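Here is a report on a two-chain model. Read it with the coordinates open.

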Amino acid sequence: MKESTIMKIHYGTALAAVALVAVHILMRLMGGFAESLEYENVLANYKFVPYAAMLELILILLSVHGFNGLRVILLELKQGRIYEKSVSYGCLAAMIGLIAYGSRTIIMINMGLV
Amino acid sequence: MAQISSIANEQTSTPLSSSKSITLRISRFNPEHDGSSRFMEFSVPVEKWTTVLEAILEVKKHFDHSVAVRYSCRQATCGSCGMIINGKPRLACFTKISELNSDVITVEPMNNFPIIRDLAVKFEKLFDTHQKIKPYLIRDDTELVSDEKEFLQSPEEVEQYIQFANCIKCGLCNSACPTMATDSSFIGPQALAQAYRYVADSRDKGKDSRLKIIDDSHGIWRCHFAGSCSQVCPKGVDPAMGIQLLRGYLLGFRS
């Protein structure tokens, strides 16, 4: 993928994440912050599909943005063909892993496994 | 012959009878012998018009002829005498000692360049990256053939790139760039500014090929917009702005 395409995704995910995280924080503050962290409330949030979809989207946006940022930092730290390929594929694998792990939590709750 | 030599000496040397003198600290390093650099101090007589380059040449003439320094035009045109003067990349011929407001002047080789010896650094990478971005007009026709018309430009079209054409390839921007300090493959502000110079030129048709070259994992996107390149340029070129304008082409804001 061209670096400009990657950076367009990088900037796009940052802007979208800022907007969605703002909505997420506002929703947490509306019901009282302490109560929102209670076990039943957390489960209820995950079971409310539109909100769970937004959380899933935030997870994807932040993972893509964060791991690409990490890739950029690591590429600037050291150079070399093998190193650069390892960093790029390593960050991609970690990003997929984190999204899969986060999605698993939401899916398990919705399937009544928790 | 001896008379000619003495005339030449008079013209190139600051008079030793000057009332004021400063301490010139010169970084000495020979990669063939030394493990690390060290400073040598010289007391040099100066006048208010004395430049750092003249002070270094005074040291070479009267104290230590082995000090290695690259210079040529002495008028900020050739871009040979770039060095770190009191912590900031500057041209030695374009920096008057009186404007530094210090009695101790420290000169070191430019950062982010391999050192040949003392204050002289290798420019190969700078010229390689400059060459890589194709620093010439790309188009099929030519204005050199008699039956072709010359390529006309309006003043507004010239205004788009003219400040970037002032680059003298001194390397001070690359020396000041924090990304160049860590990323040895980074193309650098000098080459990126020159890429913009040709991309913004209305006579040029090579925009796509240049944008392809700089759209690399160690290309334009590694600039953090620190802006130090623009701050140190002795010719008033603004590479940081050129880089942002180039990004506009890649992000689709400019065409």
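## Sheet of chain B

B:T23 stands opposite B:S43 in β2(B). Strand β1 (residues 20-28) of chain B and β2(B) pair in the antiparallel sense over nine bridges. Pairing requires at least two DSSP bridges between two strands. Strands (E, at least two residues) and helices (H or I, at least four) are DSSP runs, numbered from the N terminus.

Five strands form an open, mixed sheet in the order β2-β1-β5-β3-β4 (chain B). β2 (38-46) and β4 (88-91) of chain B are at the edges with a single partner strand each, so one side of each has no neighbour in the sheet. Helix α2 (residues 52-62) of chain B packs on the sheet and touches β1, β2, β3 (82-85) and β5 (104-108) of chain B. Contact means C-beta atoms, placed from the backbone, within 7 Å.

## Model and numbering

This is a predicted model: local features need pLDDT of at least 70, side-chain atom pairs count only at pLDDT 80 or more, and totals for chains, interfaces and linings use all residues. Residues are numbered from 1 along each chain as its sequence is written, while chains are lettered from A and ligands numbered from 1 in the order in which they are written.

## Helix pair of chain A

Helix α1 (residues 3-30) of chain A and helix α4 (residues 49-77) of chain A pack at about 140°, with axes 8 Å apart. Axes are lines fitted to C-alpha atoms, for helices over the stretch in contact; angles run from 0 to 180 degrees between N-to-C directions.

## Interface

The contact takes 13 residues from chain B and 10 residues from chain A. α6 (178-182) and α10 (239-251) of chain B are the elements giving two or more residues to the chain B side.

Conventions:
Contact = placed C-beta atoms within 7 Å.
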